[in-house]
Amino acid sequence: MSLRPTVSERDHIQGNKEAVIELVEYGDYQCPHCGRAYPIVKRMQEELGDQLRFVFRNFPLTNIHPEATMAAVATEAAALQNKYWEMHDIIFENQDQLAKDFLLDYAKAIDLNIKKFEKDLEDTALTEKVRADFESGIRSGVNATPTFFINGEKYNNGWEGDRLLEYIKANKISVLHY
Amino acid sequence: MLPIGIIAPDFELYSTPDQKLRLSDLRNKKVILAFYPADWSPVCGDQMALYNEMLQYFYKHNAVMIGISVDSKWSHLAFIQSHKFHFPLLSDFEPKGKVARSYEAYDEETGACERALYVIDERGIIRWNYLSPVGINPGADGILDALEEMDQVTTNLSI
C-alpha cells in the first residue's frame, strides 16, 4: 500500500526537508501504542539525523478515544503559532491527561498566546484538517495506530524496540519512491 | 468466497438479544458484510473499531455496515456497549456458522468466520469481495474504492 496523498506542504514535516528517508506516522494522541512509539521515533531521529524527515498525520479513533480529536486540533492550533511539534511532544508526554483544561495548561507551558489558542480550538477548519488526515489514512490502507510509511510505502512489520530503525538500515533505504 | 455478480444468499440473524435482521429488508441500500473471527480482539485498531469510525463515509454511498461472527448475541451486546459501536453485529450462532458457510467464509478448523468482506448492491447482488488472511485487518480502503466505483457506474448508466 502506498501513501495517498503523498507528503506535501499541508503536512507538518520535522527534520531535513530534503532527507532521503521519509517516515510518516498515522497516530492517535490517546492511543497507548502511539504513546509507546513516541520515544522510538525520537530515538530514530537522533540516530539518523539529517537523513530523516518525519511527518505525523492524525488518525483518531473517536469512539474509543473521545479526547483524541481535540488533542489533534490542539496541535493544529499550536501550528498556527509555529509550535506544532512542541504541542505534539507535550501531548504525547502527558497522554493520560488530555481533557481541555490540560490542553490549556500545555499551551501555557509552551508559551502560546492562550486567547488565540482557545479561539483556534473552536475553528472548524482545524477539525476538518484532522478529518482529512483520517480520510487520507483510510485511503492509504491504515487499519490501526500507529501505522508507519517509509518513503511512501506502508511498513507492515513490528515497530517496537529498534525494528523500524533496523529495517531502514538493512534495506539501505535511500531513494524516495516518488 | 462467493463470486461477484450473483445474488447474495438471504439470511436472518439476531442483531440484538430480541431483534432479528433480514438481509433482503435492506434492498435499496448497499450492504457491506464483514465476516470476522471473534469479538474482543485485544488491539485498539481492531477491524470493527475502524469501521465504526467509517460509518459516515459509508452513508455517503448509501451503504450500511454489518458485522457477522459466530459469537453469541450476548457477547455482541457487551462488545457493542464497550466499544460504542453504531452498527449491528449479527450472531451466526445457531446453527453455528450457517450463514458464514453459505458465503464460503467459514473456517472449519477453528470453527470461526474467516475475515471476509462482501459489498452487495441495492438489488442484492454481490459486487465486490475480499478474503483477508485471518491475522490481518483488511482496513477499509478496498471497501471505499468498491463503493466509489459502483456509484460511478450507476452515474454513467443514468446518463
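In which loop of chain A does A:Asp111 lie? A:Asp111 sits in the loop between H4 and H5 of chain A. Helices (H or I, at least four residues) and strands (E, at least two) are DSSP runs, numbered from the N terminus.

The model is predicted: local features need pLDDT of at least 70, side-chain atom pairs count only at pLDDT 80 or more, and totals for chains, interfaces and linings use all residues. Residues are numbered from 1 along each chain as its sequence is written, and chains are lettered from A and ligands numbered from 1 in the order in which they are written. The model scores ipTM 0.74 and pTM 0.85. For chain B the mean pLDDT, the predictor's confidence in each residue from 0 to 100, is 93. In that chain, 95% of residues reach 70 or more. Where pLDDT is low, the predicted coordinates should not be read in detail.

Chain B contains four helices and nine strands. From the N terminus on, their order is β-β-β-α-β-α-β-α-β-β-β-β-α. The radius of gyration of chain B is 15 Å, close to the 15 Å that the globule rule gives for 159 residues, so chain B is as compact as a globular protein of that length. This radius is taken over C-alpha atoms, and the globule rule is 2.2 Å times the number of residues to the power 0.38. The C-alpha trace of chain B spans about 45 × 30 × 30 Å along its principal axes. Of the 159 residues in chain B, 39% are buried. A residue is buried if 20 or more other C-beta atoms lie within 10 Å of its own, exposed if 12 or fewer, and partly exposed in between, with C-beta atoms placed from the backbone. Two residues are in contact if their C-beta atoms, placed from the backbone, lie within 7 Å. Among contacts in chain B with a separation of 6 or more, 64% join residues 24 or more positions apart.

The contact between the chains takes 16 residues from chain B and 13 residues from chain A. On the chain B side, helix H1 (47-60) and helix H4 (141-158) each supply at least two residues. H1(B) gives the most to that side, with six residues. The chain B side divides into seven nonpolar, six polar and three charged residues. Here Ala, Val, Leu, Ile, Met, Phe, Trp, Tyr, Cys and Pro count as nonpolar, Asp, Glu, Lys and Arg as charged, and the others, Gly among them, as polar.

The largest nonpolar core has 88 residues. Such a core is a set of buried Ala, Val, Leu, Ile, Met, Phe, Trp, Tyr and Cys residues joined through C-beta atoms within 7 Å. B:Ile32, B:Ala34 and B:Phe35 touch the most other members. H2(A) gives the most to this core, with eight residues. Leaving aside neighbours within four places in sequence, B:Ala34 contacts B:Tyr51, B:Met65, B:Ile66, B:Gly67, B:Ile68 and B:Leu117.

In chain A, strand E2 (residues 21-27) holds A:Leu23. A:Leu23 counts as buried, with 24 C-beta neighbours inside 10 Å. Not counting residues up to four places away in sequence, A:Leu23 touches A:Leu52, A:Phe54, A:Phe148 and A:Ile150. The C-alpha atoms of A:Leu23 and A:Lys154 are separated by 10.0 Å, although these residues are 131 residues apart along the chain.

Helix H4 (residues 100-109) of chain A has A:Leu103, A:Tyr106 and A:Ala107 as its buried residues. Seen down the axis of H4(A), these fall within an arc of 105 degrees, so they line one face of the helix. The arc is that of the directions from the helix axis to the C-beta atoms. A:Asp101, A:Lys108 and A:Ala109 are exposed on the other side of H4(A). The buried residues of H4(A) pack against helix H2 (68-79), helix H3 (84-93) and helix H5 (114-121) of chain A.

Most residues other than glycine have a negative phi, and most peptide bonds are trans. A:Asp111, which follows H4(A), has a positive phi, near 60 degrees. A:Asp111 counts as exposed, with 10 C-beta neighbours inside 10 Å. B:Asn28 also is not a glycine, and its phi is positive, about 80 degrees. B:Asn28 lies in the loop between strand E2 (19-22) and strand E3 (30-35) of chain B. B:Asn28 is exposed, with 9 other C-beta atoms within 10 Å.

A cis peptide bond joins A:Arg4 to A:Pro5, with omega about -10 degrees. A:Pro5 falls in the segment before strand E1 (13-15) of chain A. In chain B, B:Glu94 and B:Pro95 are joined by a cis peptide bond, with omega about -10 degrees. B:Pro95 is placed in the loop between strand E5 (89-91) and helix H3 (98-102) of chain B.
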